[in-house]
Amino acid sequence: MLDLRPGMRVLDIGIGSGYSAALAAHLVGPEGHVTALEIDPGLAGRAAELYAEHGHRVEVVVGDGLLGHPEGAPYDRILVGTTPPAVPTAWLRQLAPGGALLAGVRVGDLPGAYAVAHISVGNGYQPDQVVIHHGGYTPMRAPGEDRRTSHAEAGDHSLTLATTGQTTYAATLLKALLNGRHTQPSPAPGDHYFHFKNWLIAAAPDGLCEATLPEGTGIGLAAADGAAILTDTSLVTEHQASPALGKLLELVHRWQSAGAPRTHEIAARLVRDGDTWHARLDVEDSRLLTA
């Protein structure tokens, strides 16, 4: 996805084990340059020792990844192996025209609304093209921050509504799901679930919610005093006649009728918010819904 070629300048933010930067250095060759940026001095030091030991040409810098590393700019590619609260303008400004950023992004406020964005820039450091893929990286900070949601927990189980001021309602829905146990096979099993989940987040229907139940974590709808949750194996609701079940199945049918689009086939955009950009998927703008 990065399309690394010999001679490129690369910034790798979030060093982890250091492996991705070592691979990047191999791909760009001796005429290229790779800078690995890490906020944790211990991780950065360990990676620097490994690079020296194994002969990898990677410059290691300790610093705040949200600021990038302007001293080494412009970069042809920036790889971010983590998910910021929003994409900083600083990253886009440090790309050369025609350069590309690959980073974890949030596509919504629900806890599981993670994805990976491929963003290219044109002249003026503005986003030129955005494609969002299924996947995700760990967050740069606690995932519960900056969420416009209502959350309830019961032991190891939880339910989150994509709206504020509804904590009591969320607790009522969770209790109903745990007390009433109607399950059936998922109409979007396996990997299909993740693409339907992102499509549903983009569609943003009323009552959108996410829950962690004995069957696993899934996404679904709340209606009246009940909810229906779809996981990669099961569809769970409090009883078979639940209004939420019918509404959720209607949306699954709509997704399937559109060709069951995968995440990267859904129209995507960046929305500017001060010095940051929020990644969003747009079902209504997708050619797949009107085909």
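Guide: Start with Gly 81. Leaving out residues up to four places away in sequence, Gly 81 touches Ile 13 and Tyr 137. Keep in mind that this is a predicted model. Gly 81 sits in the loop that links β4 (75-80) and β5 (87-88). For a sense of scale, take Ser 242, which is 161 residues from Gly 81 along the chain. The C-alpha atoms of Gly 81 and Ser 242 are 41 Å apart.

β16 covers residues 267-273 and β17 covers residues 276-282. The two strands run antiparallel and are joined by seven bridges. Two of the residue pairs can be named. Ala 268 has Leu 281 of β17 as its bridge partner. Arg 269 stands opposite Arg 280 in β17. The hairpin of β16 and β17 has two residues between the strands. There, Gly 274 takes a positive phi near 70 degrees.

Now the packing. The largest nonpolar core has 49 residues. Leu 101 and Phe 196 are the residues with the most contacts inside this core. What does Leu 101 touch, neighbours within four places in sequence aside? Its contacts are Ile 78, Val 80, Val 87, Trp 91, Leu 92, Leu 95, Ala 117, His 118 and Ile 119. Another core lies apart from the largest one. It has 18 residues, among them Leu 4, Met 8, Val 10 and Ala 36. In soluble globular proteins, nonpolar side chains tend to be buried together.

α5 spans residues 191-203 and α6 spans residues 243-257. Their axes come within 11 Å and cross at roughly 105 degrees. Angles of 65 to 115 degrees count as roughly perpendicular, and α5 and α6 are therefore roughly perpendicular to each other. On the α5 side, the contact is made by His 192, His 195, Phe 196, Trp 199 and Leu 200. α6 supplies Leu 248, Leu 251, Val 252, Arg 254 and Trp 255. By class, that contact has seven nonpolar, two polar and one charged residues.

Next comes the sheet of seven strands. It is open, with the order β9-β10-β12-β13-β14-β15-β11 and antiparallel pairing. β9 (150-154) and β11 (182-185) are the edge strands, each pairing on one side only. Direction ignored, neighbouring strands of this sheet are turned by 20 degrees against each other on average. At one end, β11 pairs with β15 (residues 234-237) in the antiparallel sense, over four bridges. Within this region, Gln 184 stands opposite Leu 235 in β15.

Where do the helices sit on these strands? α5 lies across β12 (208-213), β13 (216-223) and β14 (226-230). It runs at about 35 degrees to β13. α6 packs on the sheet too, touching β11, β13, β14 and β15. The direction of α6 makes about 110 degrees with that of β13.

Note on methods: Residues are numbered from 1 along each chain as its sequence is written. This is a predicted model: local features need pLDDT of at least 70, side-chain atom pairs count only at pLDDT 80 or more; totals for chains, interfaces and linings use all residues. Side-chain values use heavy atoms; hydrogens and water are left out. Axes are lines fitted to C-alpha atoms, for helices over the stretch in contact, and angles run from 0 to 180 degrees between N-to-C directions. Angles under 35 degrees count as roughly parallel, over 145 as roughly antiparallel, 65 to 115 as roughly perpendicular and the rest as oblique. Contact means heavy atoms within 4.5 Å. Ala, Val, Leu, Ile, Met, Phe, Trp, Tyr, Cys and Pro count as nonpolar, Asp, Glu, Lys and Arg as charged, and the others, Gly among them, as polar. Two strands pair if DSSP finds at least two bridges between them. A nonpolar core is a set of buried Ala, Val, Leu, Ile, Met, Phe, Trp, Tyr and Cys residues joined through side-chain atoms within 4.5 Å. Buried means under 20% relative accessible area, exposed over 50%, partly exposed in between (1.4 Å probe, protein chains only).
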